[in-house]
Amino acid sequence: KPNRFSSTLNMIFAGQFRAGKNQDILIHALHDYIAQTGDKNLVLYLPGSGDLLPVAQRLAGDLCISESIVFPGQLNRREMLELYNNCQIAMVPTNSETFGHCIAEPLVLQKIVISRPVGVAIDAIEHGSNGFLFETTGELIQILLKIRNMSPEELANISAHAKETGEMFRWENIAKRHYQEVFRNLF
């Protein structure tokens, strides 16, 4: 099996293109990272639809990084799973998340999550251990630089810790904890 952390780094943010989802932050960060490093071995997948999709597509074109960003449109669950399985990194640039499926699902799938400190990311992600947290575009660029300088083994270790963290979000584990709590309260 080839090392999934070598050569091209595939990143994903699954979200609707609307205010507060902040795909523009990812596009600007990717542009600035490429401008600083010349490293074009990154692909950012931005599935979804919405009013701001044409704005994001135009921004990628204006910054001359259209070849590094894929806009696959609205995907069904099977297509999303396939896309997640082809990525190593899940990005979450949003202003807020309620439950945070875009954080929990990639953790369960053993993806390294790079998120703003929103929703469950605040409690689930330990910066540098099982993912990364950022507030600004500059911090996101520094995280990308750090990831590109890490060995495949170091990245695989972070990915493994992400999977361990993700186990708490599996429905069977949630149900098991719930039933254990119910039985503890009965006796």
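A nonpolar core is a set of buried Ala, Val, Leu, Ile, Met, Phe, Trp, Tyr and Cys residues joined through side-chain atoms within 4.5 Å. Buried means under 20% relative accessible area, with a 1.4 Å probe and protein chains only. This is a predicted model: local features need pLDDT of at least 70, side-chain atom pairs count only at pLDDT 80 or more, and totals for chains, interfaces and linings use all residues. Residues are numbered from 1 along each chain as its sequence is written, and side-chain values use heavy atoms, without hydrogens or water.

**Core**
- The largest nonpolar core holds 55 residues. Met11, Ile27, Met91, Ile103 and Ile114 have the most contacts inside it.
- Helix α1 (residues 23-37) gives the most to this core, 7 residues. Helices (H or I, at least four residues) and strands (E, at least two) are DSSP runs, numbered from the N terminus.
- Beyond its neighbours within four places in sequence, Ile114 is in contact (heavy atoms within 4.5 Å) with residues including Met91, Phe132, Phe134 and Leu140.

**Helix α1**
- Its buried residues are Gln23, Ile25, Leu26, Ile27, Ala29, Leu30, Tyr33 and Ile34.
- The cover over them includes strands β1 (9-12), β2 (42-45), β3 (69-70) and β4 (89-92). It also includes helices α2 (53-62) and α6 (137-149).
- Just after α1, Gly38 takes a positive phi of about 75°.

**Leu53**
- Leu53 lies in helix α2. It counts as buried because its relative accessibility is 17%.
- Leaving aside neighbours within four places in sequence, Leu53 is in contact with Phe17, Gly48 and Phe71.
- Leu53 and Phe71 are 18 residues apart in sequence and 8.5 Å apart in space, C-alpha to C-alpha.

Notes. Buried means under 20% relative accessible area, exposed over 50%, partly exposed in between (1.4 Å probe, protein chains only).
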